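Please keep the sequence and the model in view while reading.

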Amino acid sequence: MAARRRVLGLIGYAIVAALVFDVLIGAILGARPDVGSHLWPLWGGFALMGLAVALFAATLQRLRGPIGTLAAVVITGLFGTAAIPPA
């Protein structure tokens, strides 16, 4: 029951955090000029990415304890960055 509650909490966190970041990045910082047409599709994408990372980190924390947090940061930091080709 505790695991189900934690997963539901992570889903809620991902949805709310995605909306906050989408509005912050798009409307307030002006990273996307046409906020109205891209808000909803990007919100879903942000929520799915946030949920994937949160569930991955929660799984590593459950398996390895505090070291799992460090492993999640290192793994998502190394493999989660976009590859930028040289100019």
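**Leu-10 and its contacts**

Apart from neighbours within four places in sequence, Leu-10 is in contact with Leu-51, Ala-54, Leu-55 and Ala-58, where contact means heavy atoms within 4.5 Å. This is a predicted model, in which local features need pLDDT of at least 70 and side-chain atom pairs count only at pLDDT 80 or more, while totals for chains, interfaces and linings use all residues. Residues are numbered from 1 along each chain as its sequence is written, and side-chain values use heavy atoms, with hydrogens and water left out.

**Position and burial of Leu-10**

- Leu-10 has its place in helix 1; helices (H or I, at least four residues) and strands (E, at least two) are DSSP runs, numbered from the N terminus.
- Is Leu-10 buried or exposed? Leu-10 counts as buried because its relative accessibility is 17%; buried means under 20% relative accessible area, exposed over 50%, and partly exposed in between (1.4 Å probe, protein chains only).
- Between Leu-10 and Leu-55 there are 7.3 Å in space, C-alpha to C-alpha, although the two are 45 residues apart in sequence.

**The chain as a whole**

- The chain contains three helices and zero strands, and its elements run α-α-α from the N terminus on.
- Of the 87 residues in the chain, 18% are buried.
- The accessible surface of the chain is about 6600 Å², and 76% of this surface belongs to carbon and sulfur atoms; accessible areas come from the Shrake-Rupley method with a 1.4 Å probe, and for residues only the protein chains shown count as cover.
- Where contacts in the chain link residues at least 6 apart in sequence, 43% of them join residues at least 24 apart.

**The largest nonpolar core**

- The largest nonpolar core has five residues in all, namely Leu-10, Ala-14, Leu-51, Ala-54 and Ala-58; such a core is a set of buried Ala, Val, Leu, Ile, Met, Phe, Trp, Tyr and Cys residues joined through side-chain atoms within 4.5 Å.
- Two or more residues of this core are given by each of helix 1 (2–28) and helix 2 (35–64).
- Which element gives the most to this core? Helix 2 does, with three residues.
- In soluble globular proteins, nonpolar side chains tend to be buried together.

- Ala-54 lies in helix 2 and counts as buried, because its relative accessibility is 14%.
- The C-alpha atoms of Ala-54 and Ala-72 are separated by 9.3 Å, and the two residues are 18 residues apart along the chain.
- Leu-55 also has its place in helix 2, but Leu-55 is partly exposed because its relative accessible area is 31%.
- Beyond neighbours within four places in sequence, Leu-55 is in contact with Val-7 and Leu-10.
- Leu-55 and Val-7 are 7.5 Å apart in space, C-alpha to C-alpha, and 48 residues apart in sequence.

**Arg-6 and its partners**

- Arg-6 is found in helix 1 and counts as partly exposed, because its relative accessibility is 41%.
- When neighbours within four places in sequence are left aside, Arg-6 is in contact with Ala-58 and Gln-61.
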